[in-house]
Amino acid sequence: MSRDRSPRRLRRCERNVLLRRRGRNTLMAASLTALSLTASGCMVVHGEREMLPSATRAEAAKAVTAFTAAYNKADKAFDSSLDAPYLTGPFGDITAARLKAGHTNSPSGNPNHVPLKLSDVKITIPKKAGWPRWFVADAQGNKTGRARWLMVFTRGDLGARWRVAYVTLVAPGAVPRFTTDKDGWAQAVPAGSAQLAVTPGKLSAEYATYLKKGGQGFADGSYTSVERADRAKRANKPGLVTQFIDRPLTSGDYAPLALRTEAGGALVFFTTHHYEKQTAAAGTTVPVPNKDVRALTKGEVNQSLTLEFMSAEVALDPTGSGKVSVLGRVPGLTAAQGS
């Protein structure tokens, strides 16, 4: 029987041979790749389950530099679009409002701009499972005296940009030492941890309640007992009554974040939301504090002015039944309403 050696059949045979060779080559390449990955110690992991460092140290340092550059550009131009991609959470809200007021009063830019410079930057990266990933940068700023800048950078997935959610200012030496493993990675504390004096997830609500009613859960200090005393003085000035409303904020980009300290407690970053309503006596008007407040105010200010604030706090939450110490608090006006 003679074989069919037509050009069409020959081309079909050649294609079959090539496909078989490609199949073998593909399998061989896959095997070599798997062998190479195994030999090099690399493997695919599931980030939602595996305990992994939130960032590499180089990546974290790069994120700090990128934030600083964007922050300076936005501050110089009074243009929130220039740093909005690098901010989120309470710090994002506070900064956007500040730049909005600045632009309203000086459309050509910030005449008093001084570039932010961060030095002696210390980065603490927790090892954790799941998202968000986050890390803390502790730095000396050139615009706040001796106070240290405590910044929390977060991102929600692998392809997202690192953004600053929290910025608080603390006194030198106030930042505690963190628990780290043999490789220097810190330990994140879950929001539901019951080992602390106050569960991190409930700290915002506890602080809001304390500002309103007082209590024994917080240590005396500038942001606790002194803040309450100052409010009492302002509540009933002659001809002007001030009412305070404090609310917790705990979800999404405002969720609390905590790091384990060597003492066994945690350093917790959290957010609160505040309103101050000033009401003038009949026949008088509420004085507007300054042009920045005026720039953020809707409506005509006559007998009342309601100020809305976002506030970022950082607190030392001890184990057991100790008192929480609020180390830093940065409130910022975000809106106002006159009537």
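This is a predicted model: local features need pLDDT of at least 70, side-chain atom pairs count only at pLDDT 80 or more; totals for chains, interfaces and linings use all residues.
1. Thr 271 is in contact (heavy atoms within 4.5 Å) with Pro 90, Tyr 166, Ser 204, Pro 248, Leu 249, Tyr 254, Met 310, Ser 311 and Glu 313, leaving aside its neighbours within four places in sequence. Thr 271 lies in strand β11; strands (E, at least two residues) and helices (H or I, at least four) are DSSP runs, numbered from the N terminus. At 0% relative accessibility, Thr 271 counts as buried. Buried means under 20% relative accessible area, exposed over 50%, and partly exposed in between (1.4 Å probe, protein chains only). The side chain of Thr 271 also makes a polar contact with that of Tyr 166, at 2.9 Å. A polar contact is a pair of N or O atoms within 3.5 Å; within protein, one must be able to donate a hydrogen and the other to accept it, and residues adjacent in sequence count only if both atoms are side-chain atoms.

2. Residues are numbered from 1 along each chain as its sequence is written, and side-chain values use heavy atoms, with hydrogens and water left out.

3. For the chain as a whole, there are 6 helices and 14 strands. Of its 339 residues, 39% count as buried. The protein chain exposes about 18600 Å², of which carbon and sulfur atoms supply 54%; accessible areas come from the Shrake-Rupley method with a 1.4 Å probe, and for residues only the protein chains shown count as cover. Among contacts with a separation of 6 or more, 67% are accounted for by residues 24 or more positions apart.

4. Ala 312 and Thr 168 are 144 residues apart in sequence and 6.5 Å apart in space, C-alpha to C-alpha. Ala 312 lies in strand β13 and is buried, with a relative accessible area of 1%. Not counting residues up to four places away in sequence, Ala 312 touches Pro 90, Tyr 166, Val 167, Thr 168, Phe 270, Gly 328, Arg 329 and Val 330.

5. Strand β11 pairs with β9 in the antiparallel sense over 10 bridges; two strands pair if DSSP finds at least two bridges between them. In this pairing, Leu 249 stands opposite Thr 271. Strand β9 also pairs antiparallel with β8 (residues 236-237), over 2 bridges, and Lys 237 stands opposite Leu 240 in β9. β8 and β9 form a hairpin with 2 residues between them, and Gly 239 in the turn has a positive phi of about 85 degrees.

6. Helix α4 (residues 203-213) has the buried residues Leu 203, Ser 204, Tyr 207, Ala 208, Tyr 210 and Leu 211. They cover an arc of only 160 degrees around the axis, which puts them on the same side of α4; the arc is that of the directions from the helix axis to the C-beta atoms. Lys 212 and Lys 213 are exposed on the other side of α4. The buried residues of α4 pack against α5 (225-235), β9 (240-249), β11 (266-280), β13 (304-317) and β14 (325-338). Gly 214, whose phi is positive, near 80 degrees, follows α4.

7. In helix α5, Glu 227, Arg 231 and Ala 235 are buried. Seen down the axis, the buried residues of α5 fall within an arc of 75 degrees, so they line one face of the helix. The face turned away from this buried side carries the exposed residues Ala 232 and Lys 233. The cover of the buried residues of α5 includes α4, β8, β9, β11 and β14.

8. The largest nonpolar core has 21 residues, of which Phe 67, Phe 135, Met 151, Phe 153 and Val 164 touch the most other members. Such a core is a set of buried Ala, Val, Leu, Ile, Met, Phe, Trp, Tyr and Cys residues joined through side-chain atoms within 4.5 Å. At least two residues of this core come from each of α2 (57-77), β4 (133-141), β5 (148-155) and β6 (163-170), and α2 supplies the largest share, 5 residues.
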